[in-house]
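Keep the picture open as you read.

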Amino acid sequence: MKVLLLTTDIYGGYGGIALYNRDFAAAVASHPDCDELVVVPRLIPNTPEEIPPKVRFVAEAARNNAAYFRAVGALRREKFDLVFCGHVNLLPVARMMVERPALLIYGIEAWKPLRDRVRNRLARNACAVISISDVTLTRFLAWSSYGGRTFILPNAIHLEEYAIGPRDPALVARYGLEGKRVLLTVGRIVAAERYKGFDEVIEVLPDLPKDVVYLVAGGGNDLSRLKKKAADLGLADRVIFTGLFPDSEKPALYNLADVYVMPSRGEGFGFVLLEALACGVPAIGSRHDGGREALRGGQLGVLVDPASCADLRLAINELLARGGRQIPPGLAYFSFDNFRARVHTIINELRK
Amino acid sequence: MCGIAALFAYKDGAPPVRREELEAINERMRPRGPDAGGAWISDDGRVGLAARRLAIIDLSPEGDQPLTDTSGDLVIVFNGEIYNHRELRARLERSGARFHSSSDTEVLLQLYRAHGADMVELLRGMFAFCIWDKRTERMFVARDPYGIKPLYLADDGSMIRIASTVKALLAGGGISRTRDAAGIAGFFLTGTVPEPFTMFESVRAVEAGTSFFIDASGRGPARPHYSIANVFLRGCAQHAFVGLVPPAMQLREFVSESLTYHLVSDVPVGAFLSAGIDSSGLVALANHVSRGGPLRTVTLSFDVFHGHERDESNTAERFAREMHSKHTTRMVTREEFESDLPRFFDAMDQPTIDGVNTWFVSKATAEQGLKVAISGVGGDELFGSYPSFASVPRMVHGMTLARKVPGGMPAARAALRMLKSPKAPGIARFGSTWSGAYLVQRGLYMPWELHEVMPRDTAEEGLKRLGFLERAEMALQPNPSSDFGRVATLEAVFYMRNQLLRDTDWASMAHSLEVRTPLVDGWLLRQLAPLLTNEGSASKQYFADSPKPPLPEYVRNRPKTGFVVPLIDWAQLEPDGTGTRMRSWAKRVLENFG
């Protein structure tokens, strides 16, 4: 079996979608019938990770749009048993390869009609839609009237890469966290994505005990607005911004936290919730986006209404009071083994 | 759904609670809860709690009230439904709580133990309850955000009496029956008695969306737990989220979620079906989320409307067929109306010019063996489909401009003189403020007309204490920041709370029917506020688009009538200068109000 995966970013990519795509590629390549997986990336912002066996990574496609089209054009000479289109924006390119590719959807990019009729038609015409979450799939189906096969494929968490650990003294000193209880949110802080819930957490901070501080981990163009907001509310010393941080520091960052909190409205899934849980940090997610599924409807953490300050405040207090850290047994639902099994099931279904 | 009562002899030396009074209050509420009744009096006789029960969640005797927790420290009486009780239970269990029944009442007790007064912030539902906390010798009292469930209080300085209805409190015989001029003035001014007033000086409504404690020093300050104005204010600040999901999809998702919660029941649930968008939209969306198949639907038909566009039955029947609902059209005749009037006035807890329609549709639904029904009430307030959403802002902006422009006011007065409406002078006088314009829009009588229906000095005293304009301005704090938000807040706090919801409660409870209102839901409003402030009254059409398939044209394009009753003919109302003759009906209501 020879498989093609057209993606935005994957190896060398930063963030949740790149990670999801890497896991997806690894799972596809591990299928017993897979002879080769060809991966065509649109972007390679960082040095690519080690490419797994059976994966051919067409790195030159990432130079620019023209290079991407050239690379895909060259692949038309080859025959693929399955073609996965890793983003709705790549549908026209995927159409060059096959009439009806399988489409992967993640979050807000698929929650409303696409930018033009051609893409909308191509989306409706996919041979299958693989969604990271039920909320994304439901919203996609509502506007697209897609009637074909659908699959839910939630993120995987590599449990072995995370663990409950002590607070790193260097980080405690760097962020002034000695003697403090820490709320944490990890994510990009950009104006176009004001749906992660940073504002909501800052707004409830005055009503929380004074020893509770909020660690905002991430960088982006909305950072200065959030800093000003915190200062205006008299919270400059209780809201701490890490700025951009290396991926290698991530587990240590989670281990600084007493509660992970993300009252978001625009998350397709909310992978960071799984990372926090994998470090034994109790988590608060949103009942109105993919966070609901990451926390398995409330089994793995507390779900809140992101529009309710009171709901958020009470949830934080409840988890702070509950104390203790443990990795919930139910987190194994999202293990990579289960993810791989789900991908193999999807492939087997698609080949029928 | 129940009727509840609480007596608390809070002051040192106050006479103890009399069981006869408690039972008399409870007995007056029997139709609200025909399935069971109970009373509890503390060992020292200072506190008494009683309840009548209409069993809907956990039908076993373990859900009977008053309910005491296992420690014996907490005792509760509760009227309403907590729709998210299952998830709250799961959350409490994860924190170590153990339950002995599957009732939502026990969840309230455990939640109070875990969170104290903050517990009300977590409740999704309609509720009014009292919890006696033996540990602190305090009573905790709370009412839901919109005031769907009623709760009244009388404080004579040594004992506080609380009940679900005013008439139940009176039936206990322990309070004064002196009529309240503010209540009467409020009734003629608005067609209903605005909260917190009642028709009796000794009784006040517990403010919706608040909670408080009562201890040895009496009633403590009310603590708000929900503000509709604040939700709209925050909605304005959250426009960024509006574009994430198309409007019809948002409405489908959030209203379906609300429906899912409102369908939580251990008995079958039906639905009131008019031929309008709100009830039709709910029935269509419920088809996707109801586990028990399509809802059973009920529509009223009046013989005198036969063949008239006001007859909703044909459209409703056609729609119900398409929804595969088991449908009932219930014909109401003049004879039945006249025969029911004495019972109707007896059940009416506070005078109101509305309620006839809800009386008959509730009666018809109960006749079908149903104990619970979904209603589309609140849809017009939510989606901005009343004329007030256009007329009130127009009045305010127009009169504000007229006051600024030289010669503007004389010109405006001259133009208004040409209008035949008795309200026209009110536009010049009140129209430049939101509270004033709303009063003109919704008023039955104008303040200067009240002497026609009550003694002049009583009217003046009543109006002064009523303070309608001041209360309306208070309701708009914080400023909802949009015209839509201001009118929606006023409609929810005044017309919907004082008339629609109150009438729905007594008129349905008289038939032992619980009416649920998925479009009147504080959690739903929080999600929709950004969309509503952005889209305004266009939201209604998005709601019509929200089911799959969208509502048919014959429902969407039908002229808006609501549940109309042929009152003018049946009650032989005299002309009163208004098209609806509601002024005549108001006088008739007050004459008959017991």
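In chain A, the C-alpha centres of domain 1 and domain 2 lie 30 Å apart. Domain 1 of chain A takes in 2-156 + 335-351, and domain 2 of chain A is 159-333; such bounds come from an automatic or database domain assignment. Before going on, a note on what you're looking at: this is a predicted model, where local features need pLDDT of at least 70 and side-chain atom pairs count only at pLDDT 80 or more, while totals for chains, interfaces and linings use all residues. Residues are numbered from 1 along each chain as its sequence is written, with chains lettered from A and ligands numbered from 1 in the order in which they are written.

So where do the two domains meet? Here 14 residues of domain 1 of chain A are in contact with 13 residues of domain 2 of chain A (two residues are in contact if their C-beta atoms, placed from the backbone, lie within 7 Å). On the domain 1 side, α1 (16-29) and α5 (134-144) of chain A each supply at least two residues, and α5(A) gives the most, with three residues. Helices here are DSSP runs of H or I with at least four residues, strands are runs of E with at least two, and both are numbered from the N terminus.

Now zoom in on α5(A). Its buried residues are A:Val135, A:Thr136, A:Arg139, A:Phe140, A:Ala142 and A:Ser144. A residue is buried if 20 or more other C-beta atoms lie within 10 Å of its own, exposed if 12 or fewer, and partly exposed in between, with C-beta atoms placed from the backbone. What do the buried residues of α5(A) pack against? Within chain A they meet β5 (102-105), α4 (117-124), β6 (128-131) and α11 (291-294), and they also pack against α7 of chain B.

In all, 18 residues of chain B are in contact with 21 residues of chain A. On the chain B side, α2 (85-94), α7 (247-262) and α20 (522-535) each supply at least two residues.

Finally, step back to the whole of chain A. It has 13 helices and 13 strands, and 47% of its 352 residues count as buried. Its C-alpha atoms fill a box of roughly 65 × 40 × 35 Å along the principal axes.
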